Amino acid sequence: MTHFLAVVCVVGLFLHGITKSTQRPSEFHLEGDYLLGGLFDIHSVSSTLDRNRPEAIDCSREIFLLPNYRRFQLMRFAVEEINNSTTLLPNVTLGYEMFDHCSDTLSFPGILKLRSVNGFVQSQPSNIRSKVIALVGPFTSTQGRTVAPFFMIDLIPMVSYGSSASVFSEKYKYPSFLRTVHSNTHTVDAIVTILQHFNWRWVAFLNSDDDFGIDGLELFIKRIKTINICLAYTKAFSENTDHSQIFKQIEAQKINVIVVFAPKLYAEAVIKTAIQLNVTNKVWIADDKWSLNKVLPKMEGIRSIGTVLGVAQPIVTIPGFDDFIYFTRGQGRKADTDQQTLCNQVCNCRNMTAGNIISADPSFSFPVYSAVHAVARALHNILECEAGRCNDNISVEPYMVLDKLRKSNFTLLNQSVQFDENGDPKFGQLSIVFWNHSGNAQEVGFYHFNPAPGFYINDTQVQWHTDGEVPIALCSPECPTGFAKKQTGIHKCCFRCEMCPQETYANITEDAFQCISCKETEWSEAGSTSCKLRLVEYIPFTDSGAILVMVGTLILVGLILAISVLFAINFNTPVVRSAGGPMCFLILGCLTLCSLSVFFYFGKPTNTSCVMRYFPFILCYTVCLACFVVRSFQIVCIFKIAAKFPKLQTWWIKYHAQWLLITGTFSAQALLLVISFSFYPPRPYNETSWYQDQIVLSCDLNLASCSFILLPLLCCLSFIFSYMGKDLPKNYNEAKAITFCLLLLILTWIMFTTEYLLYRGKYIHTHNALAVLLSLYSFLLWYFLPKCYIMIFQSHKNTQKYFQGLIQNYTKTISQ
């Protein structure tokens with residue numbers, strides 16, 4: 001019903017014939033060839049307004065907003081300046097129809113007047129247009145969203161000087177909306193940059209409960225999502241909200257930085273309440289709607305609340321504006337104050353002096369001034385104005401003005417006025433201001449957007465409430481070097497510090513909440529901030545230990561060759577036959593092949609060298625053990641088993657069972673090795689767990705492989721048979737030699753295994769090669785060398801007669 005009465009107010013005034021001929025001079029109206037609309041909230045309806053019955057709003061009775069009245073006068077000045085120009089729109093005059101848009105939702109009379117044609121409002125697009133070619137305003141984002149649909153339908157350009165909500169950049173919703181003020185996106189970016197500059201991470205965000213404030217909060221949350229700033233507390237409020245509970249929450253959470261993103265009236269209520277409640281030692285960050293407030297910085301007790309920083313529209317001096325105000329104020333006193341106007345075209349502000357208007361908050365002066373000039377320039381281009389005259393024959397339509405506005409590119413007061421594809425300005429910057437002790441908003445830095453974002457602030461000019469020290473705003477103090485953060489609670493700014501263990505490091509730029517693992521080739525101590533390269537270790541061929549082992553191997557091969565020659569010379573003698581005859585050469589050959597493995601324990605491991613470390617030794621040593629099993633069994637069989645089991649000896653001799661056993665063992669081991677090495681071959685690997693600062697290059701061998709089954713089995717059998725023959729005749733007692741060899745072999749590998757469990761350094765490879773070499777020497781020295789000694793130095797014992805005598809004595813001993 002209230003809306004209805006407001007419309008009735010407009011229609012009623014039309015019926016009374018409000019025309020150019022009857023209306024006296026008014027600040028709200030000026031006749032011209034082309035008409036601009038203007039919306040300025042000179043007054044503001046209180047949110048507590050409560051009416052008992054429907055009635056039209058009388059804006060002049062509401063709260064007077066001097067800064068907005070100043071902007072209202074700026075539009076008048078801009079139009080007058082353009083009309084007096086000989087270069088911009090020559091022989092063409094601009095007029096205006098302005099309204100006091102004092103309410104977001106109840107100030108429709110002015111809107112309907114601007115959209116009317118001959119007193120009627122078109123309900124759908126029509127070829128009959130109103131005289132208004134463009135609208136300057138409104139100021140707030142909520143007003144913009146309320147008003148815009150009335151003008152979007154006919155693509156009438158709206159050039160707002162204050163509606164900064166990011167939604168207006170969405171052209172599919174607001175195709176004919178442009179603005180000369182920067183979006184909230186830029187304001188929030190500037191605020192976040194200030195927070196980052198001073199390392200403030202624990203902040204509160206108080207926003208007005210309207211389109212402007214809610215948009216600011218959403219942008220702020222989105223902006224800080226990926227950076228180290230936490231929104232500790234947020235609250236939407238109006239100018240009549242009880243703020244005491246808000247400040248209790250802020251104090252309880254120990255928040256020292258408060259962002260207030262709200263219009264002037266809302267922000268004033270917050271700051272006044274903070275003074276009354278004795279809220280002290282805070283940093284307040286103001287948005288551009290109230291950062292240049294003229295009243296609050298001079299209020300008693302303002303310094304007790306802390307330090308106030310703000311993001312502000314740059315103060316641009318408009319040449320001639322002060323003279324215009326002084327002149328119009330003088331003319332205004334002589335004019336008839338009882339003018340017949342529309343409901344929201346009454347100001348009742350004749351008592352405002354020129355000084356009051358000039359000294360009011362200068363924010364958004366240039367946005368108003370540039371909005372009017374942008375429309376004038378667009379009209380100038382449409383009318384093809386040149387050589388001091390415009391083309392009167394061109395019929396101007398609002399959509400034509402919109403097209404030229406989008407392409408605007410001109411210089412105004414040293415500013416290049418342009419719009420981007422979203423209708424947002426591509427010019428200007430934001431000032432960083434500080435409320436100094438003199439009660440003024442002092443400019444201490446800037447934040448500009450084009451061609452690239454840039455930020456500067458002179459910290460030395462800011463007088464902090466903490467005696468010169470930058471205030472701290474952290475939930476948890478920063479962790480010492482080498483510590484990682486472990487989040488406590490829902491906020492990433494609240495954490496405890498834990499030292500990073502060995503093999504990890506802390507890097508706050510990469511991930512402050514994780515200890516980052518070093519690479520396999522790197523190492524670190526506990527509490528490190530970086531990793532160091534590990535020293536790569538292996539045994540080169542030039543190592544002294546490696547040289548000694550390889551020389552020992554060559555000596556082994558030389559001894560094997562010498563023994564082979566000696567055994568070949570004495571092949572038919574009893575000593576050689578009792579040692580195994582032809583089997584001796586098989587054993588000596590296998591020992592030679594086993595010795596090849598020793599050379600592959602040195603140098604940098606490769607796939608081939610890893611295989612060659614184990615394959616020849618395991619395969620050939622298996623044959624050696626099989627031979628000793630056969631020899632042990634044969635000796636026991638001849639002297640002990642033959643008498644009891646004569647058929648077994650006959651079968652053994654007839655089918656050459658010893659060679660069948662050796663061949664079978666060899667084949668089985670070869671098959672097992674091929675299968676094992678096919679599925680899991682020995683390969684190079686880096687031993688990194690033993691030494692923190694070293695990488696020992698090794699070969700990975702699967703000790704659980706089935707290829708290792710035969711070795712301990714053959715050892716056990718050989719030991720059992722040889723032990724059974726320990727009391728045989730001295731010259732035939734091969735079993736004693738074999739038993740001693742096996743004891744040395746077992747002792748060698750027990751020692752190496754024990755060392756391997758306790759030590760994994762690079763010299764383990766030398767010791768492994770030495771264990772292999774000792775295994776070969778144990779058979780060579782303790783089995784073959786005693787026989788060589790008999791053949792060389794005790795040849796009288798190497799006769800058939802001597803051996804037969806030993807056997808006869810052994811037989812007599814057994815029979816007794």
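Leaving aside neighbours within four places in sequence, which residues is Asp 209 in contact with? Select Asp 209 in this predicted model and look around: Ile 214, Ala 236, Phe 237 and Tyr 266 are the residues in contact with Asp 209. You will find Asp 209 in the loop between strand S11 (202–208) and helix H6 (211–224). Asp 209 has a relative accessible area of 51%, and exposed means over 50%, so Asp 209 is exposed.

Next, turn to the aromatic rings. The structure holds 42 aromatic pairs. Select Phe 139 and Tyr 161 to see a stacked one, with 5.7 Å centre to centre and 25 degrees between the planes. This pair links distant parts of the chain, 22 residues apart. Phe 139 lies in the loop between strand S8 (132–136) and helix H4 (141–152), and Tyr 161 in the loop between strand S9 (158–160) and strand S10 (177–179). Both Phe 139 and Tyr 161 are buried.

Then pick Tyr 174 and Phe 177. Their ring centres are 6.2 Å apart and their planes stand at 65 degrees, so this pair is edge-to-face. Tyr 174 and Phe 177 are both buried.

For the last stop, select Phe 567, Phe 617, Tyr 621, Phe 628, Trp 749, Phe 752, Tyr 756, Phe 779, Tyr 783 and Phe 784, which ring pairs link into a cluster. Finally, show Lys 787: its charged end sits over the ring of Tyr 783, 4.4 Å from the ring's centre.

Key. Residues numbered from 1 in each chain as written. Predicted model: local features only at pLDDT ≥ 70, side-chain atom pairs only at ≥ 80, totals over all residues. Heavy atoms only, no water. Helix = DSSP H or I, 4+ residues; strand = E, 2+ residues; numbered from the N terminus. Buried < 20%, exposed > 50% of the residue type's maximum accessible area, 1.4 Å probe, protein only. Contact = heavy atoms within 4.5 Å. Phe/Tyr/Trp six-rings, centres within 6.5 Å; stacked < 30°, edge-to-face > 60°. Lys NZ or Arg CZ within 6 Å of the ring centre and 35° of its normal.
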